[in-house]
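Thanks for coming. Please have the structure open as we go.

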Amino acid sequence: MKQELIDALIGISGKDYVFFAHEDIEGYLYDETEEFVRPEACQDCVVIRPGTYEEVSAILKLCNETKTPVIPRGGGTGACGAAIPTVPSIIMSMERFREILEVDETNMMVTCQTGVTLAKLNEYLDEHVHALYFPCHPGDEGAQMGGMAIENAGGVRAVKHGIMRNYIKGMKVALPSGQVVQLGGKLVKNNMGYDLMHLLIGSEGTLAVVLEVTLKLYPRLDYTGALVCSFKNTEDAIESVAAVQRQGIIPLAVEYMDRMIAVETAEKISKTWPMSDEGKVDLIYMVEEATEDALYETAGTIAETCEAHGALNSVIAENDKDQRNILEVRSNIYEIFKPYFVDSLDTAVPMAHIGDLMRDIDAIAEKYHTTSPRVGHVADGNFHNFIMLEDGKVPAWADDMRKDIYEAALKYGGTVTAEHGTGKTRKKYMDLQFSPEVIEIMKGIKRTFDPNGILNPGVIVDL
């Protein structure tokens, strides 16, 4: 990186917020992506932590003029390599933008800066606005609001309230030219012009830099519960989920787990999994209601419906301790199995084809003489299948197995990635899902927003 560029950055944000020594930038070169090798060139990056929108604008103007790559960075909790530099770049960390600007209780919305973490937002609402909450939870409370917006975060609670796209009502962003614009607002309906805000949601930092987001909040219901139902096979479990929803019950979350995964995770974190029958698959239903009676009525209806569709057993967590025990097992699966897998895929298919996809994945795993343990957000059709290490190493067939699973999902009208994003790791599979004409349209959008290609090069499409 040229010294004159570094000096210019110091002139914008001050020397205390510009870093280029290896020991100072090392933590900014990673995210949660598995099996991704950073080339040596990324060691030549510069990290800058702007503190005002004017500084963000000035940095973008400078980099646009010098055609210097810029990587906007949030909490580093992503899992598709979108925030990992592969060429010498300016890594623009948004961590200093931590203000919750407004809670509008009448419109049930909150406006916060891009660097506000999910943990901080939840803590603030718990303390100051008990009647409202933000349900979206991608699994890591260190995630920042801007990152959740540009990755279109999902998570376990998407059944009832949707994914990040469903919460975002407004965004203030800085374009690659440095111009700051407001998109959307607090309106429920807005049909004026093209919806550029929703184009930016999920764009992974390739089109603009998020400065603020306005998010929809929901009434906080005082009674929550967890129900675990066991099944002998995947088909029965999936049929029960559809049957529950047809009765008008929309749970906060419905999580699928292979029994083996649940038991092993529980043992590793010194917990006891509540199911010990001969079941092979367990479902966790998370429900919320306004009264205790309504909660137990809903849980009872779910249990009866599951039993009518082959459930072997049902257990209701009747107190906070039991609920935490169940949810801690689910939330720790990734960390417990992380040392043993190459990748955690996040394909999705329409719910009616989940059983078909699971059978195909079992056949694909058998083809490569391995297993593919799985957990999933079953009511979303979104599953995480592990490609396992072989003798502690990445097997030679890992890419082939990954591609086979992607093609299986697409065969049923599915997608390569439902949550993690395209990033750098899945970009090479774009042509599996999209025609050349569609990819060219995406490139045209990129050229319009970012004609010099400075924002997050190498992510989603190349110019």
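Start with α1 and α3, which are roughly antiparallel to each other, because their axes cross at roughly 160° and angles over 145 degrees count as roughly antiparallel. Bear in mind throughout that this is a predicted model. Helix α1 covers residues 3-13 and helix α3 covers residues 53-66, and their axes come within 9 Å. The crossing of α1 past α3 is right-handed.

Which residues meet there? From α1 they are L5, A8, L9, I12 and S13, and from α3 they are E55, A58, I59, L62 and T66. By class, that contact has 7 nonpolar residues, 2 polar and 1 charged.

Next, α13 and α14. Helix α13 is residues 354-367, helix α14 is residues 398-411, and they pack with their axes 10 Å apart at an angle of about 160°. That angle makes α13 roughly antiparallel to α14. Here too the crossing is right-handed. On the α13 side the contact uses L357, D360, I361, I364, A365 and K367. Facing them in α14 are M401, D404, I405, A408, A409 and K411. How do these residues divide by class? There are 8 nonpolar and 4 charged, with no polar residues.

Helix α9 runs over residues 234-246 and helix α11 over residues 292-308. Their axes come within 9 Å and cross at roughly 135°. The crossing of α9 and α11 is right-handed. S240, A243 and V244 make the contact from α9, and I302, T305 and C306 make it from α11.

Now the pocket. I'll take the second largest pocket, which holds about 710 Å³ of space. Its lining consists of 31 residues. Which of them lie nearest the centre? Those are G202, E204, T422, M442 and I460.

As for secondary structure, the elements giving two or more residues to this lining are α8, at 196-200, α15, at 430-433, and α16, at 436-449. Of these, α16 gives the most, with 3 residues. The lining as a whole divides into 14 nonpolar, 11 polar and 6 charged residues.

For the pocket, the numbers to keep are about 710 Å³ and 31 lining residues. That's what I have.

Note on methods
Residues numbered from 1 in each chain as written. Predicted model: local features only at pLDDT ≥ 70, side-chain atom pairs only at ≥ 80, totals over all residues. Heavy atoms only, no water. Axes fitted to C-alpha atoms, helices over the stretch in contact; angles between N-to-C directions. Helix = DSSP H or I, 4+ residues; strand = E, 2+ residues; numbered from the N terminus. Left-handed = near helix turned anticlockwise from the far one by under 90°. Contact = heavy atoms within 4.5 Å. 1 Å grid on protein atoms, 1.4 Å probe; cavity = no way out; pocket = protein on both sides within 12 Å on 5 of 7 lines; lining within 4 Å. Points joined across faces, edges and corners; volume = space filled by probe spheres on them. Nonpolar A, V, L, I, M, F, W, Y, C, P; charged D, E, K, R; others polar. Parallel < 35°, antiparallel > 145°, perpendicular 65-115°, else oblique.
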